[in-house]
Amino acid sequence: MIVTPYQIIAPLIALVAIMYAWNLVMRHRKTLSEATLWTLFWGAIAYIAIEPNSIDYITIATGIHDRENAVLVTFLGILFFIVFYLVMRLEYLEQRQTRLIRKIALKQSAQENEKE
């Protein structure tokens, strides 16, 4: 088997990305689940770079005969899932912010009423 530069560089980049994600977890800037997903994603990239024939499973599972198309469709599905998750998380944060602002407004209103 001939080793290409991509098979060396991609796993190294993946390793750096994984180490960065876990560094953020240690500094309490990312959650454990986010780092786990990050690790799975970059681990898959590294594995596919080292073992390109592993993509054949995706072609069998999706029923798409071309490797490139199967990978493209699979990763598009994963990206759509990630975008859906981010939209749900954003809506949650907006609701949380709204509750917090209401609480602060009610507290300020109560303080103004006490002064009068």
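## Close-ups of a predicted helical model

A49 counts as buried at 2% relative accessibility, where buried means under 20% relative accessible area, exposed over 50% and partly exposed in between (1.4 Å probe, protein chains only). This is a predicted model, so local features need pLDDT of at least 70 and side-chain atom pairs count only at pLDDT 80 or more, while totals for chains, interfaces and linings use all residues. Residues are numbered from 1 along each chain as its sequence is written, and side-chain values use heavy atoms, with hydrogens and water left out.

**View A. A49 and its contacts.** A49 sits in helix α2; helices here are DSSP runs (H or I, at least four residues; strands are E, at least two), numbered from the N terminus. Skip the neighbours within four places in sequence, and A49 is in contact with Y6, Q7, A10 and P11, contact being heavy atoms within 4.5 Å. For scale, pick R29: A49 and R29 are 20 residues apart in sequence and 29 Å apart in space, C-alpha to C-alpha.

**View B. Helix α1 against helix α2.** Here α1 (residues 5-26) and α2 (residues 32-50) have axes that come within 8 Å and cross at roughly 170 degrees. The axes are lines fitted to C-alpha atoms, for helices over the stretch in contact, and angles run from 0 to 180 degrees between N-to-C directions. The two helices are therefore roughly antiparallel to each other; the cut-offs are under 35 degrees for roughly parallel, over 145 for roughly antiparallel, 65 to 115 for roughly perpendicular, and oblique for the rest. On the α1 side, the contact is made by Y6, Q7, A10, P11, I13, A14, A17, I18, A21, W22 and V25. The α2 side brings L32, A35, T36, W38, T39, W42, G43, A46, A49 and I50. Sorted by class, that contact has 17 nonpolar, 4 polar and no charged residues. The sorting counts Ala, Val, Leu, Ile, Met, Phe, Trp, Tyr, Cys and Pro as nonpolar, Asp, Glu, Lys and Arg as charged, and the others, Gly among them, as polar.

**View C. The largest nonpolar core.** It's made up of 5 residues: A14, A17, I18, W42 and A46. A nonpolar core means a set of buried Ala, Val, Leu, Ile, Met, Phe, Trp, Tyr and Cys residues joined through side-chain atoms within 4.5 Å. The elements giving two or more residues to this core are α1 and α2, and α1 gives the most, with 3 residues. Zoom in on A17 and, not counting residues up to four places away in sequence, you'll find it touching W38 and W42.

**View D. Q7, a buried polar side chain.** Q7 is found in helix α1 and is buried, with a relative accessible area of 11%. Its side chain reaches the backbone nitrogen of T4 at 3.0 Å. A polar atom of the Q7 side chain also lies 3.2 Å from the backbone oxygen of A49. Both are polar contacts, that is, pairs of N or O atoms within 3.5 Å; within protein, one must be able to donate a hydrogen and the other to accept it, and residues adjacent in sequence count only if both atoms are side-chain atoms. Leaving aside neighbours within four places in sequence, Q7 is in contact with M1, I2, A49, I50 and P52.

**View E. P11 inside helix α1.** P11 has its place in helix α1 and is buried, with a relative accessible area of 17%. Not counting residues up to four places away in sequence, P11 touches Y6, A46, A49 and I50.

**View F. H28 in the loop.** H28 is placed in the loop between α1 and α2. Its phi is near 60 degrees, a positive value in a residue other than glycine. Most residues other than glycine have a negative phi. At 73% relative accessibility, H28 counts as exposed.

**View G. T59 in helix α3.** T59 lies in helix α3 (residues 56-62) and is buried, with a relative accessible area of 13%. The T59 side chain reaches the backbone oxygen of D56 at 2.5 Å. Not counting residues up to four places away in sequence, T59 touches I64, H65, D66, R67 and A70.

**View H. E116 after helix α4.** E116 lies in the segment after α4 (67-115) and is exposed, with a relative accessible area of 78%. E116 and L37 are 79 residues apart in sequence and 54 Å apart in space, C-alpha to C-alpha.
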